[in-house]
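Here is a short briefing on one protein structure. Look at the sequence and the model first, then read the notes below.

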Amino acid sequence: MSGFHRSPGARPAATRLAGTAALAAALACAVATPLAFASPAAQYPATAKRPVSDTFHGVSVSEDHRWLENGASAEVTAWALAQQRLTRSVLDGLPQRASLAKELAQMIGGNKAMRHGFELTAGQVFALKRQPPKNQDLLVVMNASAETASERVLLDPNLLDKSGKTTIDWFKASPDGRLVAVSLSRNGSEDGALHIYRTDNGKALPDLVPRVQFATAGGSVAWTPDAKGLYYTRYPQGQERPPADANFYQQVYFHRLGTPAQRDEYVLGRDFPRIAETVLASSDDGHHLLADVSNGDGGEHAFWLRSRGENGSEGAWRLLAGFEDGLRAAQFGRDGKLYGLALKGSPRGRIVAMSLADPAADLRSATTVVPESEAVIEAFAASATRLTVEALLGGPTELRRYTLAGEPLGTLPAPAASTNLIGLRLKGDELLIGSQSFTRAFSWLRLDSAAAEPKPQPTDLAEPPAFAQDGGLPGVEAVREWAVSKDGTKVPMTIVRRIGTPLDGKQPVLLTGYGGFGISEQPRFKRDVALWLRHGGVYVQANLRGGGEFGETWHQGGMLTRKQNVFDDMIGAAEALIKLGYTTPERLAIQGGSNGGLLMGAVTTQRPELFRAVVSQVGLYDMMRVENTSNGAFNVTEFGSVKDPAQFKAMLAYSPLHQVKDGTRYPAMLFTTGLHDGRVEPWMSFKMTARMQAANPGSLAEGRPVLLRVEADGGHGIGTSLAAGVAEQADIFAFLFSQLGMN
């Protein structure tokens, strides 16, 4: 779950958004006169302190700004509006802001298309198409070879909503290719309803199914073989559950086309955990339906299978593997088998297989096909006669080939320090594979994995973006270095720099990290990195514990009571960059979002002297109240619970809100949030901003401001319009440039 991960917190949509409209309207109109923030007269907006205490396991924990959690109150609206005016006055007053916005727009350019999210159905390839300057991705369809000359647009959200604020969450085509189910949501909320469109003319059917998708557990669909109905994930509706459970208890229902959604039938899930997240998949022949059920976000999965009888009747659901069995993923093969990724006893992963024809077979006792190796198995594809594996090597990946029996057939050649992934199984053993690095633009290639000496063939499914030169960034290199964490663990980091960069301690450095949920930070060709390098900076990505770069052991080393290891790893990376001669604390900035926002808050409060500037996006900061939010409950399996004494102790020790010390000279900080965020409550950023401003009220006049940027029509970042994304990037870079003395 890359990009901004699914992680951290929200109340039920109905209550969470109760006051959003008024606050959004006020923020959208916020304007301010540019402010010389280093003036002695510069002051933060007044923020009331109203102490509140809670007791956990005999320990009293207090805070001053809980009243900011009430987004429906006029007082909170007034406070947020005052903060937005301050932020705009500072950022709009920076000389680089306007030129950076213009430069970013030029870098995006126009009509440089990128397809992704592929699906092969009924001899057609469906995909999402990103095509600047359009604000949202389009749904398109191509022939079975995914040739762009055959492409036509099925659905353009930019025409449905001229504001550019409606997005396609996901889609699923029917087995005959005549229909496509699409989840649509607005304002980055990820609160999606299911629509059905004809693929011949793009017209919508009357069917409308609400609440199939939300940020907490996502959403999924699987069609019946006759395309007359579909199975889908559904959240509680009406009075089925108390308001506090509105975004929990995701279950599977069945919808028959042409009937009201109110008559849809329950299928599966009443016995699943409150925080279950379910993904549905059908075999190519439609005879088998698989439910992949996650126990929250900590990495535990269970798999349920239902198979059709010879007369077409639906069989009973049977459990193939439980949460305790250590299976991470499963995929239908084309040879009558189900393949799985097993971690139990093999933390870097092994691939197992079971026969779908055997009614007694399950994934717990499946046969090992590809054993564990020195590389982490990130993903795999079972085609007609081949297994192709994404092998993760601490961040970079390569593609390894095997027969279906597990005989090794070699590794595909790839550039150093690159990301190589499986995009789609085409017909037979043909695959679409993707490749990119920090210095080379993303490309889709067509591969015949059954060939004796397979040679990936280029396609035009992904065009190099406007800012790429000769398909990449000439004169730039990516080098790997190692930092040493507090406990002696070696932590890799990739340093992207201009060739010949002197190690004189004078470089402006931007250090990023994530460290959670088993998500691996891999090399990517990104606009923000290119801009940073253009202006003389050095960009660094650290592969922290909590991620999956070295397997499940690496993940578990940064979760629950071991979460502090993630922060120690990030601090070690910062210290290493200084020791290696790249920079000094006055020219070092850090940036992270979501779980990475927690990382920003923790390392800033623990080692404030290491950094000059911090950008923390949609982060969580109050670990004492995370699980009171609905998505926070999904994160308990990753972060822990204050109800557990040991986990409470660990969480309090790093909870950023509670570790802020009055009078401390903290770095300049820019907090960003979106009012429609269904993963992390906006009040997390509200409270942390208020606490940091109160700790050092003179920091604004000193030129080290603590600022809050609120996106009135945005969420966690998923579904954000292109225009809104450019505006936010311009603000972030203007802030960083001003703090690090960059032009």
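The axes of helix α3 (residues 74-91) and helix α14 (residues 682-695) come within 12 Å and cross at roughly 65°. The model is a predicted one, in which local features need pLDDT of at least 70 and side-chain atom pairs count only at pLDDT 80 or more, while totals for chains, interfaces and linings use all residues. Residues are numbered from 1 along each chain as its sequence is written, and side-chain values use heavy atoms, with hydrogens and water left out.

**Two crossing helices**

- Helices (H or I, at least four residues) and strands (E, at least two) are DSSP runs, numbered from the N terminus.
- Axes are lines fitted to C-alpha atoms, for helices over the stretch in contact, and angles run from 0 to 180 degrees between N-to-C directions.
- α3 and α14 are therefore roughly perpendicular to each other (65 to 115 degrees; under 35 is roughly parallel, over 145 roughly antiparallel and the rest oblique).
- The crossing of α3 and α14 is left-handed, meaning that the near helix is turned anticlockwise from the far one by less than a right angle.
- On the α3 side the contact (heavy atoms within 4.5 Å) is made by V76, W79, A80, Q83 and L86, and on the α14 side by F686, T689, A690 and Q693.
- These contact residues of α3 and α14 divide into six nonpolar, three polar and no charged; nonpolar covers Ala, Val, Leu, Ile, Met, Phe, Trp, Tyr, Cys and Pro, charged covers Asp, Glu, Lys and Arg, and the others, Gly among them, are polar.

**A four-stranded sheet**

- An open sheet of four strands has the order β7-β8-β9-β10, with antiparallel pairing; two strands pair if DSSP finds at least two bridges between them.
- The edge strands, β7 and β10 (204-213), each pair on one side only.
- Neighbouring strands of this sheet are turned by 30° against each other on average, direction ignored.
- Seven bridges link β7 to strand β8 (residues 179-186) in the antiparallel sense, and T166 stands opposite R186 in β8.
- The hairpin of β7 and β8 has five residues between the strands, and G177 takes a positive phi near 75° there.
- β8 and strand β9 (residues 192-198) run antiparallel and are joined by six bridges, with S183 opposite L194 in β9.
- Strand β7 (residues 166-173) is largely enclosed by the rest of the structure, because six of its eight residues are buried (under 20% relative accessible area; exposed is over 50% and partly exposed in between, with a 1.4 Å probe and protein chains only).

**Residue F56**

- F56 is found in strand β1 (residues 52-56) and counts as buried at 14% relative accessibility.
- Leaving aside neighbours within four places in sequence, F56 is in contact with V61, M624, V642 and F648.
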